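Here are my notes on the model for you to read beside the sequence and the 3D view. Please take the points in order and find each place in the structure as you go.

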Number of protein chains: 2
Amino acid sequence: MPKVSFRLSEKETIDVNVESGERLMDIARSSGIYIDAPCSGNGTCGKCRVQILSGETDSPVTRHITEEDYAAGWRLACETRVMGDVTVLVPETASAFRTGIRTADLNDPTVRAAFDDVQADLKAIGVMGDPAIFTCELHMDPPTLDDTLCDSDRVERAVRAETGIADVKLTLYALRKLAEVLRENDFRVRCVLARDEDCVHIVDVGPVKSKKKICGLAIDIGTTTVTAALVDMETGDLLAKASAGNGQIRYGADVINRIIESGRENGRERLRKAVVEETIVPLVGTLCRKARIYQKQIYRACIAGNTTMSHLLLGLYADPVRMEPFIPSFFYSHEFRLCDVLPGMHPEAGLILTPNVGSYVGGDITAGLLACTLWNRDELGLFIDLGTNGEIVLGSSEYLFTCACSAGPAFEGGDISCGMRATNGAIEEVRIDAETMEPTLSVIGPKGQKPIGLCGSGIIDTVADLFRSGIISAKGKFAREGKRVRYDEHGMGRYVLAFEEESADGREVSINEVDLDNFIRAKGAIFSAILLMLRQLGLEPADIGHVQIAGGIGGGIDFPNAITIGIFPDLPLEKFSYIGNSSLSGAYAILLSRQAEAKVRELAGSMTYVELSNEPGYMDEFVSACFLPHTDSRLFPNSEVK
Amino acid sequence: MPKVSFRLSEKETIDVNVESGERLMDIARSSGIYIDAPCSGNGTCGKCRVQILSGETDSPVTRHITEEDYAAGWRLACETRVMGDVTVLVPETASAFRTGIRTADLNDPTVRAAFDDVQADLKAIGVMGDPAIFTCELHMDPPTLDDTLCDSDRVERAVRAETGIADVKLTLYALRKLAEVLRENDFRVRCVLARDEDCVHIVDVGPVKSKKKICGLAIDIGTTTVTAALVDMETGDLLAKASAGNGQIRYGADVINRIIESGRENGRERLRKAVVEETIVPLVGTLCRKARIYQKQIYRACIAGNTTMSHLLLGLYADPVRMEPFIPSFFYSHEFRLCDVLPGMHPEAGLILTPNVGSYVGGDITAGLLACTLWNRDELGLFIDLGTNGEIVLGSSEYLFTCACSAGPAFEGGDISCGMRATNGAIEEVRIDAETMEPTLSVIGPKGQKPIGLCGSGIIDTVADLFRSGIISAKGKFAREGKRVRYDEHGMGRYVLAFEEESADGREVSINEVDLDNFIRAKGAIFSAILLMLRQLGLEPADIGHVQIAGGIGGGIDFPNAITIGIFPDLPLEKFSYIGNSSLSGAYAILLSRQAEAKVRELAGSMTYVELSNEPGYMDEFVSACFLPHTDSRLFPNSEVK
């Protein structure tokens with residue numbers, strides 16, 4: 001039986017006994033070793049590069065590995081079969097998504113400010129009322145031989161008197177503690193109450209003087225990143241926040257590949273476990289440790305995720321989501337028991353999933369829409385969530401149209417040869433001198449961190465400055481010569497941001513014409529979707545009163561750059577704002593407030609879902625938009641090409 | 001470390017390593033070896049007799065073991081400490097309660113007939129409507145690009161149309177199966193629906209042609225015996241029935257000893273496990289095997305038990321039930337999730353506990369009251385449940401009074417030197433020839449079974465014939481001489497039903513004056529309670545229109561005998577009927593019908609609970625009733641003393 005030794009770092013090696021002929025990727029997956037596989041391991045993305053240090057493998061030559069690298073032992077883990085004892089170096093980048101991802105999480109001051117603004121807006125509008133979880137103090141007379149009401153009747157009566165709610169139900173969890181807690185505290189207790197339609201559940205009971213915080217959990221399950229916040233349900237305070245890579249990533253970068261993987265043998269359970277047990281459960285553990293609370297102090301959770309994420313979270317059969325006629329199992333779900341979805345949680349805690357509105361417009365967008373308050377304004381607004389996909393809502397207090405455009409993962413560094421997620425070594429900001437063509441880079445990581453690749457914001461900056469300085473044409477073809485502009489034997493040009501000697505891993509960081517093509521198609525998908533929706537309503541870009549961008553694409557969005565290359569309509573900059581992780585902001589609001597919960601359901605119900613692929617004229621719009629900034633230059637009067 | 005070898009039979013020996021000085025009873029308990037301990041193991045009942053075959057023990061001389069038996073190694077397990085390697089014979093009788101208990105279960109034709117009568121009555125009255133669980137067939141159009149309703153909306157819409165109920169909720173369990181089941185069956189499916197207040201839950205979904213039965217579980221948790229029935233929720237058919245000894249018995253025969261034990265370290269969990277994991281879970285397994293169904297086909301359960309049993313089932317702190325002012329944690333509970341109480345059951349199945357009305361009048365009595373339909377008649381009725389305790393309901397369609405009398409376990413063979421439960425070897429019927437004083441015995445067990453002791457019905461028969469034939473006086477003292485009447489050195493008389501050579505285990509089976517005293521106090525407790533309740537209402541026994549007796553006391557009740565010795569009022573025999581296990585009958589009705597569920601709650605709410613110990617005159621009534629048949633002979637004009 002051959003042995004594979006995975007060398008993860010100088011200190012850590014993991015040995016695994018395998019069958020001869022097994023795929024390296026499968027061995028890694030079943031051994032809990034994380035190797036990034038945005039394409040789900042079918043050989044197309046080229047991200048699962050590992051280096052064979054010794055031993056025999058069977059591995060084809062691929063366009064993703066240069067001849068030189070191949071000679072040095074570099075292989076794609078998904079295309080390599082083990083034929084004997086093998087030692088494999090797993091480079092840090094291959095599992096980088098597990099740690100240190102820079103996302104729109106609440107530890108980022110910009111994101112936090114955006115989050116706070118959103119909550120202030122929602123409060124001002126008046127949708128943060130009707131708390132979902134609240135407490136009440138009861139001071140009761142102890143029973144006597146003349147007052148023999150049983151404990152549950154006594155407590156329910158007191159809660160009725162205290163809350164004015166007639167229908168009070170004691171849960172089994174609280175009943176199990178009741179007799180002792182009442183007698184230890186001389187019938188003066190604090191109850192944790194949860195509203196449910198017209199009744200109120202007593203979900204817990206404890207001493208009046210308990211300092212125990214009453215907590216809730218807001219979670220955004222992104223295709224790439226899961227972000228969670230632990231919330232004080234009485235004050236709304238953020239007690240802790242944390243994020244982690246979605247453990248499903250090793251089964252595919254995008255929702256389609258995830259669904260395909262989930263359809264394989266035991267796939268549903270594998271993907272459910274990857275996000276629940278490998279991602280969310282540890283994240284909740286981290287939050288509880290940070291805030292010094294017990295898991296049982298979490299009495300409610302709200303989870304926002306796209307349609308695929310919510311299906312995989314629950315372990316649902318998701319193939320119908322991706323296959324015509326694209327029918328999800330559910331849009332709206334009733335409140336579940338949290339412990340049925342996240343094992344080990346409080347048995348009476350409820351779980352709200354934010355509603356989906358279509359196969360590709362899910363609960364992350366409805367939560368985000370709630371947060372951006374576009375639905376509360378008379379002027380036309382545009383809300384765009386730039387995640388692994390791009391989703392768009394166009395509307396106002398009068399109507400709401402939404403669509404998803406298959407932008408692909410370019411904005412998260414996918415589909416780009418040197419693309420990477422926004423983690424250590426990612427170039428997140430770029431300026432290119434128009435004269436010298438020399439770049440100035442800002443790299444994520446500790447001081448002196450050398451670049452490894454480009455994340456979404458870095459790509460936008462690069463493309464914008466290449467275009468502005470005429471290094472590339474409007475079609476994304478190289479048009480100038482210079483030290484940093486190189487051409488391969490087939491004449492394909494590329495711009496080198498970091499030469500081999502300047503990079504962290506000795507590999508050149510560059511952007512080539514294939515990358516530019518992929519990127520332009522991604523931005524074209526978004527812009528043409530915006531334009532199509534506007535035109536269907538008989539409107540023009542100039543009619544848009546405000547544009548709100550959500551998502552986590554590294555160093556945030558440089559709006560002038562994004563307009564220059566035609567991602568967004570050419571509008572005055574003051575109309576744009578970045579609202580951070582709007583999905584998490586919305587989940588937080590819904591967690592706290594039943595009014596917000598009702599509002600998001602109302603919003604989801606009133607959204608008109610536009611399936612772009614069914615719309616006549618979409619392909620024409622798309623093709624017209626695959627140009628920098630656009631074939632119709634009148635749309636971009638201010639696009640400043642020098 | 002000493003070793004104890006428990007010899008359970010010729011074939012089965014269990015070896016346990018122990019600490020020197022450990023109690024044999026504790027060792028047996030922690031090793032899962034059942035030794036009956038009606039008194040909870042405090043040395044008072046003398047039932048935990050075992051024989052030390054070899055090895056050193058420390059064990060006091062006790063009144064429960066004769067000198068001769070002590071010499072032969074007989075000891076009480078609860079008073080014996082192990083001092084070295086020991087071999088212990090555990091006689092079959094010590095664990096007899098585990099198997100073969102003759103109870104009022106549905107396999108007995110009399111009980112089954114009574115059960116069927118009860119259900120026919122309830123149907124005739126019209127309280128069996130509004131089924132709790134039902135199915136509906138849905139034939140839906142599959143989705144298309146023009147009809148993109150998601151699966152859950154499609155199914156909920158179809159259920160609304162089919163049932164006319166507006167509020168339809170899909171459970172997580174059904175959602176998890178939905179997409180696949182719909183597509184595998186071309187959108188023609190059968191849903192299992194559960195009503196809950198004004199809404200209906202879709203708890204399961206499967207193929208239309210599924211032959212899978214939709215089942216429910218009715219359980220009566222008696223202090224001594226647990227009886228369960230598996231029910232077809234669509235037809236009401238009894239698919240299987242079974243009973244087993246309540247595994248808590250080794251922690252005490254009566255509710256008081258159980259509560260005391262539950263108050264010891266880890267006691268709540270120990271008693272909960274004894275009834276749940278050691279008793280009910282295996283019983284449900286047996287039922288499922290018998291009926292060839294999966295546990296997940298059980299969609300609802302109704303459990304009836306006395307107040308203590310329901311508290312211990314849920315793992316509640318039960319001390320307040322037995323201590324002044326006698327306050328249970330709950331009377332009425334909202335519907336629980338069955339899997340929260342019985343692990344491994346269907347996650348969406350509901351559990352109904354029949355309501356308690358006082359510390360000593362519990363859900364077994366409310367269920368029994370529902371079943372006996374006394375509440376639906378204009379004439380005054382008396383309902384008596386002769387279990388480990390005796391509970392009484394007196395009333396009519398106009399009012400309902402109830403009380404519990406601490407009759408003790410005499411009717412189940414407790415508190416009687418040769419008393420035993422109604423299992424193999426128990427004398428269940430006795431006739432004594434008034435002339436010769438020779439007995440004719442009917443013994444439970446295979447043909448030729450020799451007697452071991454007396455169960456409740458055998459005791460009643462014995463006392464009645466001893467009294468009729470003048471062998472004992474009205475005070476329960478021996479008054480005649482003969483071969484079978486013996487006196488000990490203190491002059492205490494006894495009647496020998498089986499001499500040593502006639503018995504199964506070589507020990508005489510007899511009833512002595514202490515036994516008679518205990519029995520007379522037990523019957524006095526019941527009769528005086530009846531009389532006190534009548535007198536409080538200004539009524540006399542003759543006002544009673546009908547008497548219904550429930551409970552399992554062996555061979556059923558011989559009413560003439562019971563009247564002769566003054567257990568029940570002296571009324572025409574046609575006024576008496578035996579209704580078997582009324583608690584299970586009621587639980588069955590409530591399981592099937594939400595109307596029955598509402599009815600039992602209404603009944604519980606309208607019952608007036610009389611705490612006898614608070615009633616002036618109760619002690620006088622009790623003392624007057626401690627006489628055969630009664631000190632006031634006018635109450636028993638027909639008591640036929642020869």
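**Notes on the model**

1. Pro629(B) has its place in the segment after helix 17 (618–625) of chain B, where helices (H or I, at least four residues) and strands (E, at least two) are DSSP runs, numbered from the N terminus. The peptide bond that joins Leu628(B) and Pro629(B) is cis, with omega about -15°. In chain A, the bond from Leu628(A) to Pro629(A) is also cis, with omega near -10°, and Pro629(A) sits in the segment after helix 17 (618–625) of chain A. These bonds deserve a look, because most peptide bonds are trans.

2. A word on the source: this is a predicted model, in which local features need pLDDT of at least 70 and side-chain atom pairs count only at pLDDT 80 or more, while totals for chains, interfaces and linings use all residues. Residues are numbered from 1 along each chain as its sequence is written, and chains are lettered from A and ligands numbered from 1 in the order in which they are written.

3. How are the two chains related? In general, two copies of a chain are related by a rotation about an axis and a shift along it. Here a rotation of 180° with 0.1 Å of shift along its axis superposes chain A on chain B, with an RMSD of 0.2 Å, and that is the relation of a two-fold axis. The superposition is by least squares on the C-alpha atoms of residues with pLDDT of at least 70 in both copies. Among the residues of chain A, Arg337(A) comes closest to the rotation axis, its C-alpha being at 5.5 Å.

4. The contact between the chains takes 35 residues from chain A and 35 residues from chain B, where two residues are in contact if their C-beta atoms, placed from the backbone, lie within 7 Å. On the side of chain A that touches chain B, the elements that give two or more residues are helix 4 (151–163), strand 9 (167–170) and helix 5 (172–184) of chain A, and helix 5 of chain A gives the most, with 7 residues. By class, this side of chain A has 20 nonpolar, 7 polar and 8 charged residues; Ala, Val, Leu, Ile, Met, Phe, Trp, Tyr, Cys and Pro count as nonpolar, Asp, Glu, Lys and Arg as charged, and the others, Gly among them, as polar. Because 100% of the interface residues of chain A are also interface residues in chain B, the copies meet through the same surface.

5. Just after helix 11 of chain A, Thr373(A) takes a positive phi of about 55°.

6. In chain B, Thr373(B) has its place in the loop between helix 11 (363–372) and strand 18 (381–386) of chain B, and its phi is near 55°, a positive value in a residue other than glycine. With 20 C-beta neighbours inside 10 Å, Thr373(B) counts as buried. Met437(A), which is not a glycine either, has a positive phi of about 65°; Met437(A) lies in the loop between strand 21 and strand 22 of chain A and is buried, with 20 other C-beta atoms within 10 Å.

7. An open sheet of 3 strands in chain A has the order 22-21-23, with mixed pairing, where two strands pair if DSSP finds at least two bridges between them. Its edge strands, each pairing on one side only, are strand 22 (439–443) and strand 23 (453–454) of chain A. Strand 21 (residues 426–432) and strand 23 of chain A run parallel and are joined by 2 bridges, and Ala426(A) stands opposite Gly453(A) in strand 23 of chain A.

8. In helix 6 of chain B, 6 of the 8 residues are buried, so this helix is largely enclosed by the rest of the structure. Those buried residues pack against helix 7, helix 8 (307–314) and helix 9 (319–322) of chain B.

Note on methods
A residue is buried if 20 or more other C-beta atoms lie within 10 Å of its own, exposed if 12 or fewer, and partly exposed in between; C-beta atoms are placed from the backbone.
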